[in-house]
Amino acid sequence: MDYIEMHAHMVSRTTDDYTQMALMGCAAITEPAFWAGWDRSTADGFDDYFRQLTEFEPKRAARFGIKHYTWLCLNPKEGEERDLARAVVRRIPRYLDHANVLGIGEIGLNRVTRNEIETFKDHVALALEHHQMILIHTPHLEDKHKGTRTIIEALQSFPNMDPARVSIDHAEEHTIEMILDNGFWTGLTLYPQTKVSVARAVDIIEMHGADRIYVDSACDWGHSVPAAVPQFVMEMRRRGHADTLARKIVWDNPIAFLGQCPKFTPPVFAHAV
Ligand SMILES: [Zn+2]
């Protein structure tokens, strides 16, 4: 089944991964800016990364027939460093007109500190000032519920924030209701160990329906699976769900959300299988 990968860190993946994703039906990828695995030492390091995301990676993806989009930010793990964060936020506008930039992301919180919250708000203000969409990372494990609540409150402190243009990713059973009830979009991140397994994701769809929900692999340099979205489709079929429901989650919903950005064009070669 054709699908859109809503969250993949392709700078960490090989050409073999691109090949497999193309064979599995991946038509487009959105790649949020994230943590490199170590803290970058200067704002210049982010410039190099943003050039990779806006210049090199779209060309690499195109060789496999995959459309590549990106989101830009200083990631939550480095948000503690306020001086660095301010310097990076000042540089982001020069990239926003690039053809593959959808908005600001993945911003959010890691350990839910005061500095992280300030850096998060700086990014939200930047997004709203430049009419950008927003993609949000929520903290892991024990910090997830509190962090998601804090993120929603911070977003709602901006009177001109439209929740329909914001996705709060990495939702789990105990956070999805507060995300959806407040009008946001959400993603279920399919991970082999942490986050949500394929079976848990289908459980969540069976409980909450499929409105404003998508799934993604969030594959990066760590233990993660670029085939996670097709595996989700397999599990939906195994449980007897109609393909129209799976397609809503891996194709129609991503297009509905991303289509709010005029730079996003739904892949036309794909079709109703
Ligand atoms: Zn990520």
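Mentor: A nonpolar core is a set of buried residues, such as Ala, Val, Leu, Ile and Phe among others, joined through C-beta atoms within 7 Å. Buried means that 20 or more other C-beta atoms lie within 10 Å. Keep in mind that this is a predicted model.

Trainee: Which residues of the largest nonpolar core touch the most other members?
Mentor: They are L72, I134, L190, A201, V215, F232 and V250. The core holds 74 residues.

Trainee: Which helix gives the most to this core?
Mentor: Helix α9, residues 243–258. Six of its residues belong to the core.

Trainee: Take F232. What does F232 touch, leaving out residues up to four places away in sequence?
Mentor: L190, V198, A201 and V215.

Trainee: Next, helix packing. At what angle do α4 and α5 pack?
Mentor: At about 45°. Helix α4 covers residues 114–129, helix α5 covers residues 144–156, and their axes are 10 Å apart. Angles under 35 degrees count as roughly parallel, and 65 to 115 as roughly perpendicular. The pair is therefore oblique.

Trainee: Which hand does the crossing of α4 and α5 have?
Mentor: Right-handed. On the α4 side, the contact uses I117, F120, K121 and V124. On the α5 side, it uses T150, A154 and L155. By class, that is five nonpolar residues, one polar and one charged.

Trainee: Now α8 and α9. How do their axes cross?
Mentor: At roughly 160°, coming within 10 Å. Helix α8 spans residues 228–238. Angles over 145 degrees count as roughly antiparallel, so α8 is roughly antiparallel to α9. This crossing is right-handed too.

Trainee: Which residues of α8 and α9 meet?
Mentor: From α8, V229, V233 and M236. From α9, L245, A246 and V250. The contact has six nonpolar residues, no polar and no charged ones.

Trainee: Let us turn to the backbone. What should I expect there?
Mentor: Most residues other than glycine have a negative phi, and most peptide bonds are trans. Look for the exceptions.

Trainee: Which peptide bond is cis?
Mentor: The one from G105 to E106, with omega near -10°. E106 sits in strand β4, residues 101–108.

Trainee: And phi? What is the phi of V112?
Mentor: About 55°, a positive value, although V112 is not a glycine. Its place is the loop between β4 and α4. R212 is another case, with a positive phi of about 60°. R212 lies in the loop between α7 (198–208) and β8 (213–216).

Trainee: Is V112 buried, exposed or partly exposed, and what count decides that?
Mentor: V112 has 19 other C-beta atoms within 10 Å. Buried takes 20 or more, and exposed takes 12 or fewer. V112 is therefore partly exposed. R212 also has 19, so R212 is partly exposed as well.

Trainee: One last residue. Where is F56 found?
Mentor: In helix α2, residues 43–62. F56 has 12 C-beta neighbours inside 10 Å, so F56 counts as exposed.

Trainee: How far apart are F56 and V11, in sequence and in space?
Mentor: They are 45 residues apart in sequence. In space, the distance from C-alpha to C-alpha is 9.4 Å.

Technical notes: Residues are numbered from 1 along each chain as its sequence is written. This is a predicted model: local features need pLDDT of at least 70, side-chain atom pairs count only at pLDDT 80 or more; totals for chains, interfaces and linings use all residues. Helices (H or I, at least four residues) and strands (E, at least two) are DSSP runs, numbered from the N terminus. Two residues are in contact if their C-beta atoms, placed from the backbone, lie within 7 Å. Axes are lines fitted to C-alpha atoms, for helices over the stretch in contact, and angles run from 0 to 180 degrees between N-to-C directions. A crossing is left-handed if the near helix is turned anticlockwise from the far one by less than a right angle, and right-handed if clockwise. Ala, Val, Leu, Ile, Met, Phe, Trp, Tyr, Cys and Pro count as nonpolar, Asp, Glu, Lys and Arg as charged, and the others, Gly among them, as polar.
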